[in-house]
Amino acid sequence: MTRRASGRPDAVDLILEQWKRELPALDASPMEVLGRLHRSFLRYQGLLSDLFECFDLNMAAFDVLAALRRSGPPYRQTAGQLADIALVTTGGITLRLDRLEKAGLVTRERDEADRRIVYARLTERGTEIADVVAVAHFANEERMLAELSGAERHRLGLLLGKLERSLETAERTPPDRAALAASMRRDPPHHP
C-alpha cells in the first residue's frame, strides 16, 4: 500500500487496496491521480466557497468579475469572450451577468460602432469589489498550498497542464462503446 508523507494511507490508498483485493486483474491505478485530484478539487471548492460567501459572491460570479478586471481598462468583454475564458455557454454567462448587474457590480453597454454588440463592464463598485476579493482569494490559495515548496508548486503546475492536455485529447476520442460491450460479453465481472 502507498503511504502518504505523514506515513498514513489516505482514502484513495484504501480504495485502491479494496479494488486490488476484490478484482486483482483490474488496473485501478488511474484513481491514484484522478481520485486524489477529484478529492482535492472538492476540498478546494469548499474553501473557495467559504471565502466568496464572505463577500456575498459565489465562484461563478467571481470568475466573471476577475475576467473583467484582468481585461484592463475599460474592464469590459462580450458574453462570448467571457464564455470562452470561463468554459461555459453564453447562456450561463448571461445568467451570471444578470445577477452581477442586479448587484450593481456590472453594467451592460452597446458598442458605439455596432449596436448589435453588447459589452459587460465593471462598475466602479465592481472594480473595487474585484480588487478586494482578488487579494483575499490569492491569500486563501496561498494558505491552501502552504505545505508545498515553490519547486513542488511549479512541478505540479506543469504536470496539471499536461493532465489538462491529456483530458482534452480524451474529449476528442470518446470510449469505443462497441469494444466495451464486446469486452463485457467476453469477460463479464465475476462475483463470488
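1. Start with the buried residues of helix α5. In this predicted model, I93, R96, L97 and L100 of α5 are buried. They cover an arc of only 100 degrees around the axis, which puts them on the same side of α5. R99 and K102 are exposed, on the face turned away from that buried side.

2. What do the buried residues of α5 pack against? Their partners are α3, α4 (79-86), β2 (106-110) and β3 (118-122).

3. Now the length of α5. This helix runs over residues 90-102, which makes 13 residues. Just after α5 comes G104, with a positive phi of about 80 degrees.

4. Turn to the largest pocket. Its volume is about 2,400 Å³. The lining counts 48 residues, and S40, F41, Y44, L145 and L156 are the closest to the pocket's centre. Two or more lining residues come from each of α1 (11-22), α2 (30-53), α3 (59-70), α6 and α7 (150-172). Helix α2 gives the most, with 12 residues.

5. What classes of residue line the largest pocket? There are 27 nonpolar, 17 charged and four polar residues in the lining.

6. Last, N140. This residue sits in helix α6, which covers residues 124-144. Is N140 buried or exposed? Its relative accessible area is 7%, under the 20% cut-off, so N140 is buried. Leaving out residues up to four places away in sequence, N140 touches L47, L48 and L51.

Technical notes
Residues numbered from 1 in each chain as written. Predicted model: local features only at pLDDT ≥ 70, side-chain atom pairs only at ≥ 80, totals over all residues. Heavy atoms only, no water. Helix = DSSP H or I, 4+ residues; strand = E, 2+ residues; numbered from the N terminus. Buried < 20%, exposed > 50% of the residue type's maximum accessible area, 1.4 Å probe, protein only. Contact = heavy atoms within 4.5 Å. 1 Å grid on protein atoms, 1.4 Å probe; cavity = no way out; pocket = protein on both sides within 12 Å on 5 of 7 lines; lining within 4 Å. Points joined across faces, edges and corners; volume = space filled by probe spheres on them. Nonpolar A, V, L, I, M, F, W, Y, C, P; charged D, E, K, R; others polar. Expected span 1.5 Å × (residues − 1). Arc of directions from axis to C-beta.
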